[in-house]
Amino acid sequence: MRFGFWLPVFGGWLRNVDEEGMDASWDYARDLTQRAEQIGYDLTLIAELNLNDIKGVEAPSLDAWSTAAALAAVTNKLELMVAVRPTFHNPALLAKQAANIDQIAKGRLSLNVVSSWWADEATKYGVKFEQHDDRYARTAEWLEVVNGCWSQQHFSYSGKYHSVSDNMLSPKPVTQPRPTFYAGGESETAKQLIASKCDAYLMHGDPPDIVAAKVTDMRRRREQLELPPMKYGIAAYSIVRDSEAEAQKELARVTDVRQSARGYANYQQWITGSNLEQKISLEDYSVSNRGLRSGLVGTPEQVSARLEEFAAAGVDLVLLQSSPQREEMERFAAQIIPGQDRSNGLRAGGMRDGQEDRRG
């Protein structure tokens, strides 16, 4: 199993706490990412929203793609998974930009393709906000164009949403046949699109039995399409403490919805725009991506046992959030990752089974 973390581009992950001691700044992002490489993390996910979804729309947030380019130049091992919303990016231009960053990163770039959910953000940036199935139809064409520009010269495409003619893109990405396409979604439209055009499926936080059912469903879809197996990742908010009582005390702190209302302002738009399979409470919404439902809360032994359940369910990647992030990532790396390495079989040289060596 691989371990990744969300880069805190919004200055934290708690909607009920204004100040988490982790600024939305380049200095904090750089220092955290460089430290993560040293202590055993495999990947960082750089979220893309032009407004701050966690701390309120007027709070600072980092731009995903310029931050990713800068991180590519100051890191050596981490995979840089950058979120991208097709409604905000011309696909041929994004293909060019991403190929250049993959060159800087020596083959460590990947994409998390996200179909937008936030109507207010689109309006404030002058981008047309389409309805759910239209957004996925656009995403399907967008992926065709990005893949075509990466894999061919003189590539042409004509669709409902995107057209390019005789595209020339050099240099191509270092990663071949292409940087990994990750994507998540719970609607039937989303799952069928991801199964047919992406390489990896990312899921919101849920218990292992629900995750196992989703993995089984996506495996069936891939088999029907006669495509190779996908990788599977989950979101999780981690709280690791020496005693269960301490962990539950921290859980109560991060889910106290009475502390601040500002971070919950987008709750209804997120529910409406995401077409989720399950009802989400305000307590679940206290952290991003339903991360608490994964249940990585407890002692090191309890959290490690939970991770074993996810591994048995078919999960390859856990994407962590925590607060304050650097301190909690240090704790997780010291108390959890070594045990998982032993369980999964750490390869000589420090790489885990199934992990491609991208070190430059």
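Visitor: Where is Pro171 found?
Guide: In this predicted model, Pro171 sits in the loop between β6 (163–167) and β7 (181–183); strands are DSSP runs of E, at least two residues long, and helices are runs of H or I, at least four, numbered from the N terminus. Residues are numbered from 1 along each chain as its sequence is written, and side-chain values use heavy atoms, without hydrogens and water. Local features need pLDDT of at least 70 and side-chain atom pairs 80 or more, whereas totals for chains, interfaces and linings use all residues.
Visitor: What kind of peptide bond joins Ser170 and Pro171?
Guide: The bond is cis, with omega about 0°. The bond from Gln176 to Pro177 is also cis, with omega near 5°, and Pro177 lies in the loop between β6 and β7.
Visitor: What is phi of Asp166, then?
Guide: Asp166 has a positive phi of about 55°. Asp166 belongs to strand β6 and, at 42% relative accessibility, counts as partly exposed, that is, between buried (under 20%) and exposed (over 50%), with a 1.4 Å probe and protein chains only.
Visitor: And Lys106, where does that lie?
Guide: Lys106 is in the loop between α3 and β4 (109–113). Its phi is near 55°, again positive, and Lys106 counts as exposed at 52% relative accessibility.
Visitor: Changing topic, how much of the chain is buried?
Guide: Of its 360 residues, 57% count as buried. The chain has 12 helices and 12 strands.
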